[in-house]
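The points below may be read alongside the sequence and the coordinates.

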Amino acid sequence: MTTPASAVLHQPLTLEFDYTRSLGPVLSQYISGLGAKQVIGGVLSDGRVAVPPPDFDPATHDAVTEMKPVASEGSVVTWSWVAEPLADQPLDHPFAFALVLLDGADTPFLHAVDAGSPEAMSSGMRVRARWADEPTGSVRDLACFEPADASTSPDQEVGEPGETKIGITSVRLSYDYAASPEESVFGKALKEGRILGQRCPVCQKMYVPPRGACPVDGVPTSDPVEMPDTGIVTTFCIVNVPFLGQRIKPPYVSAYVLLDGADIAFLHLILGVDAHDVRMGMRVRAVWKPEAERSFSMENISHFEPTGEPDADYETYRRHL
Amino acid sequence: MRDVAVVGFAQRQMRRFDGSSNTIELLVPILQELWEQTGWTKDDIGFWCSGSSDYLAGRSFSFVTAIDALGAVPPISESHVEMDGAWALYEAWLKIQTGEADSALVYGFGKSSASTLRRTLALQLDPYTLTPLWPDTVSLAGLQARLGIEQGVWDEKAMAEVAARSRTSGADNEYAVRGAATSVDDVLAQPLFADPLRKWDCAPITDGAAAIVIAATDRLPEKCTRPAVISGIAHNVDSPSLGLRDLTRSPSAAAAASAAGGTDGVQVAELHAPFSHQELILRRELGLGEDVDVNPSGGALASNPMFCAGLIRIGEAARRIWDGDADRTLGHATSGVALQQNLVCVMEAQA
């Protein structure tokens, strides 16, 4: 984590997810075909052959049912040069994205052409498919196109299509994630083992954490106030169900903790007590991680645990539920 | 139909916004500015609608956290589109047509700089056949530009004229991130960035937020003396399949203009064209002649905050009517790849 000439905290963030989708009858045939080094188009209502085959006819909106194999060679209709390929694009060295019209097809489709330089690209040039070494059941089984006059010999032996019914698209996005000014003040204090609240200048409510805007008044919270690390459990739930990424063995308690002097509770863990002994109104205290392990996050507080003091009276926290 | 007018507009645009990906720090002063413009408070707003994207923000429900800026307690009537704020305005216009609201505040926000924008936008493509190739928006626009050049529909000089005029106009727009007196030769002297495109053919990466207040004409704020009355608003979409489209045309833009009542008499048009050649396509499809003042703000080539650049076009076009510069103006917004989806909003001064 760095704070390069910036008033707010920044952190790199990578989000990843494998989207798993059923392909349906049309794309299933298309992608199964690619795995066998065969490009399959769909016959449209006007007789044209479209690659990739659409699920539905663009004119009549009827389901496309008739498939027709086309060649894996064709010509470039238009192209643009990618001088600096981005992550996960078909090639990791400079290449062209192109619309390619395969022989036997009537509509062009998008793919990469590995031509080496923009000087080697031209509209109308002949290209042929380069197939992936190992099919994985995606459009990437057609790795890219290459100039058809290349010295390499064509690899056009069509295999027996399998049956690919599910497609997985891995999505990985990287961000520079920035906190708001209010969150940044809060995060920096947390690293020092302090909790800073801020009041809404209009309604005077004390927010922990502070916010870019009070949801009642729409103005940023201001005037940092040092808060105690003690408070009460307002409401809670016992987590019994395992889920992906769970860090604590169930059952455990996830609770809203209202710090003494705060008007807004936040979610945290209650440990150091049997889950079934946690009560509304129970007094708790923050258990901090050792200083060496602290970052700018709420995780600096490992959890809250009971102080052993008498429970708060219901009337004192009723309006915070 | 109920007559509805654009009565308030505020914006913030910048190259890099150093703050939250929901831009709440920008939305708070934008709303303050709108209250000053209209003399209204949040209690005068009957409906709220926003346009934004979680993929861009890198956080889930980013539009929900942005609602804090509105002061949404007690509860408000609110909606969201995962599109440019111009489509949020369309939803709000419909809401007023239904009679469920008399006024609305619409906004859009995008922190384009949080990730690699042209790569993140691959998520708007067909997830089966296109996203796995991670085609970036600049490359896709390049395919479209070359088709037009090689078919003789436009040429590099015409593209450079658009880029030069946009940069020059941007210099007079305090919110634009790109602006300087620029000639066609200056543009053509630039190196190719994504052959056949130069960087100045492509919209700059821009962060920002914008908001507009619309109201039924029988419920206008007293401070609004010359409202921009919406005479027609419509949006249409073309096929998501690149191969099934003639990329040198945009039938959806033509259809939207027609459904919005045509463009006769339009004096100023603010077109959302993130690439220079796309302005040429839009002028043709919208039937805009040489006498129309196109993008006096500099347009998207001067500044293009995602999810509000289209809304800003409507605001800029409305402002020309408020100021008395024009009696009939047009705001346009686009979405999707290579002008796939288009919205046209025609506004006029009240007779």
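1. What percentage of the contacts in chain A with a separation of 6 or more comes from residues 24 or more positions apart? Such residues account for 58% of those contacts, two residues being in contact if their C-beta atoms, placed from the backbone, lie within 7 Å.

2. The model is predicted: local features need pLDDT of at least 70 and side-chain atom pairs count only at pLDDT 80 or more, while totals for chains, interfaces and linings use all residues. Residues are numbered from 1 along each chain as its sequence is written, and chains are lettered from A and ligands numbered from 1 in the order in which they are written.

3. Chain A has a radius of gyration of 30 Å, whereas a compact globule of 321 residues would have one near 20 Å; the radius is taken over C-alpha atoms, and the globule rule is 2.2 Å times the number of residues to the power 0.38. Along the principal axes, the C-alpha atoms of chain A fill a box of roughly 80 × 45 × 40 Å.

4. The secondary structure of chain A comprises 3 helices and 18 strands. These elements are DSSP runs numbered from the N terminus, helices being H or I of at least four residues and strands E of at least two.

5. One open sheet of chain A has 3 strands in the order β3-β2-β4, with antiparallel pairing; strands pair if DSSP finds at least two bridges between them. β3 (49–50) and β4 (67–70) of chain A each have a single partner strand, so one side of each lacks a neighbour in the sheet. Helix α1 (residues 24–35) of chain A packs on this sheet and touches β2 and β4 of chain A. The direction of α1 makes about 155° with that of β2(A), where angles run from 0 to 180 degrees between N-to-C directions and axes are lines fitted to C-alpha atoms, for helices over the stretch in contact.

6. Strand β2 (residues 39–43) of chain A is joined to β3(A) by 2 bridges and to β4(A) by 4 bridges. A:G42 stands opposite A:A50 in β3(A) and opposite A:M67 in β4(A), while A:V43 has A:V49 of β3(A) as its bridge partner. In the hairpin of β2(A) and β3(A), with 5 residues between the strands, A:G47 takes a positive phi near 90°. β2(A) is mostly covered, with 4 of its 5 residues buried.

7. At the interface, 59 residues of chain A are in contact with 46 residues of chain B. β10(A) supplies the largest share of the side of chain A that touches chain B, 9 residues. That side divides into 39 nonpolar, 14 polar and 6 charged residues (nonpolar: Ala, Val, Leu, Ile, Met, Phe, Trp, Tyr, Cys and Pro; charged: Asp, Glu, Lys and Arg; polar: the others, Gly among them).

Methods. A residue is buried if 20 or more other C-beta atoms lie within 10 Å of its own, exposed if 12 or fewer, and partly exposed in between; C-beta atoms are placed from the backbone.
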